[in-house]
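Dear colleague,

I am passing on a structure for you to look over, and my notes on it follow below.

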Amino acid sequence: MSIIEKALDKNRSAPLRPPPAGAQSGHPGQETAGTASPVSAQHDHPLAARIDFARLRRQGLIVPGDQRSSLAEEIRMMKRPLLNNAFGHHSEMRISRGRLIMLTSALPREGKTFLATNLALSMAMEIDRTVLLVDADVAHPTIPRVLGFEAERGLMDVLTDPSLTIPDVLLRTNIENLSVLPAGRPHGRSTEVLASDGMRALLDELHDRYQDRIILFDSPPLLATSEPGVLAAGMGQVVMVVDAERTPATSVENAMGQLAGCEVVLTALNRAPAASGLGYGGGYYHERPYGGDEQ
Ligand SMILES: Nc1ncnc2c1ncn2[C@@H]1O[C@H](COP(=O)(O)OP(=O)(O)OP(=O)(O)O)[C@@H](O)[C@H]1O
Ligand SMILES: [Mg+2]
């Protein structure tokens, strides 16, 4: 076990942090940190969003509190390098802005949302960190539907309405340490906004607000438009999801071309045959610095 892994394990067993200064109970737009178990079914103030565990189960997603499944174990292995990159205790091994992580893929339906949601659930359950799941697939948002709640306002509203700030639209959930930033109301040029200066400033704000927070972005496919590639350049880490059964190699290569400006790109092979023994979802995961000189 590496020094960083040991440090990470130590973090996991550490007690939960107290609420961040200024957090207000009962304000639907504010994040609050919890005090007891990682899953809190009851709060003495209204929840902003209630994740439907039965719905998670039906979709084959990780369910907090359920017995450890092979999926949970595979996701745990998938998140380890991401967390090492973000929080490695040796600062020289940490990746700049490594807490900003985007899941993307060449084509639609490769499993971006499935993996982003599972990672968020897993990270929120197993470590002493807060997790913010951002639905940046602004033209076709699905995170609230997957988690089983409805959300109106979100990212798009903050980016297009100067009177709104992130805390106005951020949703706490009934999973301790997990908040969701919904996509918000779409408009005709939703995807273009992802490449705007406003989005860049918002990334800075999300990154700088809490030092222990992982921010996971679900995003549109890379080959449909250029904006997800621009968004990716603002991230510390990008996870390229590849559907093992379906994605042509040329599509993966073209999509990787869109990520040339990204320092760290990891790949996740989704839906790989279980017999391959290669990891995730019957699939596989590894780290690979694309677009740069390999050491
Ligand atoms: N490894 C997996 N095991 C089981 N179901 C999966 C897996 N990966 C994806 N799915 C399912 O496949 C469907 C498509 O996945 P998902 O919505 O995550 O893809 P996507 O890349 O986010 O698509 P889009 O580009 O349209 O947003 C979903 O119903 C999802 O639950
Ligand atoms: Mg999706």
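How many helices and strands does the secondary structure of the protein come to? There are 11 helices and 8 strands, taken as DSSP runs (H or I of at least four residues for helices, E of at least two for strands) and numbered from the N terminus. Please bear in mind that this is a predicted model, in which local features need pLDDT of at least 70 and side-chain atom pairs count only at pLDDT 80 or more, while totals for chains, interfaces and linings use all residues. Residues are numbered from 1 along each chain as its sequence is written, and side-chain values use heavy atoms, with hydrogens and water left out.

Of the 295 residues, 53% count as buried, that is, under 20% relative accessible area with a 1.4 Å probe and protein chains only.

Ala-49 lies in the loop between helix 1 (3-13) and helix 2 (53-58), and it counts as buried because its relative accessibility is 3%. Beyond its neighbours within four places in sequence, Ala-49 is in contact (heavy atoms within 4.5 Å) with residues including Phe-149, Leu-171 and Asn-174. The C-alpha atoms of Ala-49 and Asn-174 are separated by 7.0 Å, although these residues are 125 apart along the chain.

Definitions and conventions
Chains are lettered from A and ligands numbered from 1 in the order in which they are written. Buried means under 20% relative accessible area, exposed over 50%, partly exposed in between (1.4 Å probe, protein chains only).
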